[in-house]
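The following exercises are to be worked with the sequence and the coordinates side by side. Please try each task before reading its solution.

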Amino acid sequence: MTEFNSILSTFEVTCKRFPKKIALYCLEESLSYEALQDSVQQWSNAFFNEQLQGKRILIYLDKGIDYVKSIYACLATGATYIPVDASQPLERILSIIEQAKPDLIITDENKNSTINNVLISRFLINQSACYFMKEDNKLVYLNNNKNSNRAFYTSKTDDVAAILFTSGSTGVPKGVKVSHQNLSYFINWAVQSLNLTHKDVLSNHASFAFDLSTFDIFAAGQVGAATWIITSQQQQNVAELINGIKKYSVTTWYSVPSVLSMMVATNALDMQVTKTLRHVLFAGEVYPIGALRELKKCIAETCSLQNWYGPTETNVCLYHKVTNDDLKKNYPVPIGKPLNGIDAVIDSDKPIGELIIYGACVTPGYYNVQDKRNNQLHKNKGHATGDLVRFENGYYYYQSRVDDMVKINGHRIELGEIDACLSVMPGVKAVAVLCITSDFQQKLTAFIVAKEESQINTLSVKQFVSERLPRYMVPNSVKCLLQLPKNANGKIDFKVLRGLA
Amino acid sequence: MFIEKLRNYIAESYLDGQSDMLENDTQLLALNIVDSASIFDLVDFIKEQTGVIVSMMEINPTNFSSINEVNALVCRLQEQAV
């Protein structure tokens with residue numbers, strides 16, 4: 001049996017080959033592979049001594065260099081990392097902690113004060129000295145003597161590397177397990193397909209809780225490339241994004257389409273800025289064709305423009321290199337063809353049906369929720385995506401959803417999660433949330449029936465949701481009704497509701 | 001006053017005209033009243049109302065976080081132009 005080349009073992013090789021090369025940039029900081037490996041070694045030794053091999057470690061930090069150190073330290077321990085986006089509301093973070101039931105939380109002193117009531121051991125990252133805070137509040141400082149004898153854990157294909165939490169339709173965040181095989185398969189494909197080397201510089205726009213980030217960190221780690229970590233304050237700051245591309249000579253950009261469109265809209269994303277880019281990759285939602293044409297004008301002819309497709313449960317499973325012919329059409333570019341070794345099947349006799357994916361990219365399963373059909377499929381390395389697609393001239397095209405999950409700016413949103421949140425708002429008797437799509441935008445509209453004596457104001461609804469759910473789930477508009485329209489079966493009539501929006 | 005016009009514009013465009021709870025320090029982005037795409041509509045509105053051109057360098061979440069912040073940005077740019 002040949003040895004399994006996990007993302008961890010290739011990272012170790014990279015650290016030996018390119019010790020002095022910069023692995024990470026963030027704000028004014030940078031870190032070499034050698035220094036990164038030292039921290040990972042030290043932290044993973046400590047985690048190992050705390051018997052965290054095979055356990056779950058939740059990371060609650062701001063985006064930055066320490067976040068990536070933490071991720072690698074978890075993997076080097078043989079633990080599963082559970083990334084949390086610290087910019088989300090505390091209520092949601094607590095909900096993820098409750099679902100994830102981690103054995104350790106990596107955080108800093110600031111954030112730790114917000115989760116005082118959580119009875120789980122902490123690892124606190126501190127400039128002068130990192131330390132554990134045990135459940136009984138005992139502090140154990142890290143031994144600064146480098147004990148680098150212990151080798152990194154040797155990952156096996158079925159080990160769960162990460163659990164990524166996404167929106168759940170019942171109001172409970174849904175954990176998707178990501179195995180070492182999933183990651184290694186995807187990263188190998190990406191590195192070969194893009195011909196990445198140690199000379200590349202990758203952007204990391206996505207949150208570490210979002211599957212896009214696995215490419216940014218682990219593809220770079222495999223080849224010795226650098227990753228520029230974009231902080232959550234910088235994520236929506238177009239000037240900083242554009243300056244960063246220049247400053248770090250970014251060669252490979254990967255983000256959701258809306259971020260690229262935002263940069264294009266400034267007129268500042270010109271050839272001078274984009275000259276170092278070899279690849280512009282987008283994923284997470286449909287890129288409106290008109291906007292994609294505008295983007296194409298901003299990048300060199302030699303720069304590849306690719307649409308990567310796949311839900312968190314499969315990560316990238318289909319891809320398409322955008323051609324000039326694609327851009328002449330009046331509909332979105334295809335989601336393309338499956339990666340080598342992946343099977344894509346349309347679950348229907350009709351031309352349009354649900355896309356089912358089979359292969360090494362498919363998750364071993366959900367961590368905390370039951371989904372009868374997919375539980376069965378996951379056992380056979382299959383996943384029903386819930387996306388309706390058509391197959392035309394050798395390419396798959398995305399059509400729509402089978403359910404009421406929506407994508408807004410690349411964020412996966414179950415409308416049921418917003419329903420569940422608003423149904424407990426004081427004064428609310430009934431609620432239904434819809435996503436209204438026009439040519440230019442998608443809008444979340446909440447239809448609310450107030451209790452008799454109550455008055456519901458748009459801003460108070462927004463305030464209520466913003467304290468509990470991520471900002472992208474806050475309804476854009478709120479309509480108050482005397483009652484929700486029902487059809488003959490007594491169910492909410494969404495057609496009528498749509499007409500009221 | 002520009003700040004009044006701005007508040008009315010935001011209430012009309014993004015809150016179905018409900019201005020009663022909209023304060024000058026209400027968090028526009030955190031409450032998803034204004035999103036990253038509609039910032040550009042605000043930039044157009046500012047230009048139309050005051051003639052001030054907001055450069056790319058000024059388009060960031062801090063400058064558009066509340067009515068007060070947008071107003072301060074416009075005042076600052078007007079002073080710079082003099």
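**Exercise 1.** Across which strands of chain A does helix α13 (residues 372-379) lie, and at about what angle does it run to β20(A)?

Solution. Helix α13 of chain A lies across β19 and β20 of chain A, and its direction makes about 90 degrees with β20(A). Axes here are lines fitted to C-alpha atoms, for helices over the stretch in contact, with angles from 0 to 180 degrees between N-to-C directions. Helices (H or I, at least four residues) and strands (E, at least two) are DSSP runs, numbered from the N terminus. The model is a predicted one, in which local features need pLDDT of at least 70 and side-chain atom pairs count only at pLDDT 80 or more, whereas totals for chains, interfaces and linings use all residues. Residues are numbered from 1 along each chain as its sequence is written, chains are lettered from A and ligands numbered from 1 in the order in which they are written, and side-chain values use heavy atoms, with hydrogens and water left out.

**Exercise 2.** Describe the open sheet of chain A that has the order β18-β19-β20-β21.

Solution. Begin with the pairing, which is antiparallel throughout this open sheet of 4 strands; two strands pair if DSSP finds at least two bridges between them. At the edges stand β18 (343-346) and β21 (395-401) of chain A, each with a single partner strand, so one side of each has no neighbour in the sheet. Neighbouring strands are turned against each other by 45 degrees on average, direction ignored. Next, take β19 (residues 352-358) and β20 (residues 382-392) of chain A, which pair in the antiparallel sense over 6 bridges; Glu354(A) stands opposite Leu388(A) in β20(A).

**Exercise 3.** At roughly what angle do the axes of helix α1 (residues 2-14) and helix α3 (residues 67-81) of chain B cross?

Solution. The axes come within 10 Å and cross at roughly 135 degrees. That makes α1(B) oblique to α3(B), given that angles under 35 degrees count as roughly parallel, over 145 as roughly antiparallel, 65 to 115 as roughly perpendicular and the rest as oblique. As for the residues in contact (heavy atoms within 4.5 Å), α1(B) contributes Phe2(B), Ile3(B), Leu6(B), Arg7(B) and Ile10(B), and α3(B) contributes Ile67(B), Asn68(B), Val70(B), Asn71(B) and Val74(B).

**Exercise 4.** Where is Lys101(A) found, and is Lys101(A) buried or exposed?

Solution. Lys101(A) is found in the loop between α4 (90-100) and β5 (104-108) of chain A, and has a positive phi of about 45 degrees although it is not a glycine. At 52% relative accessibility, Lys101(A) counts as exposed (buried is under 20% relative accessible area, exposed over 50%, partly exposed in between, with a 1.4 Å probe and protein chains only).
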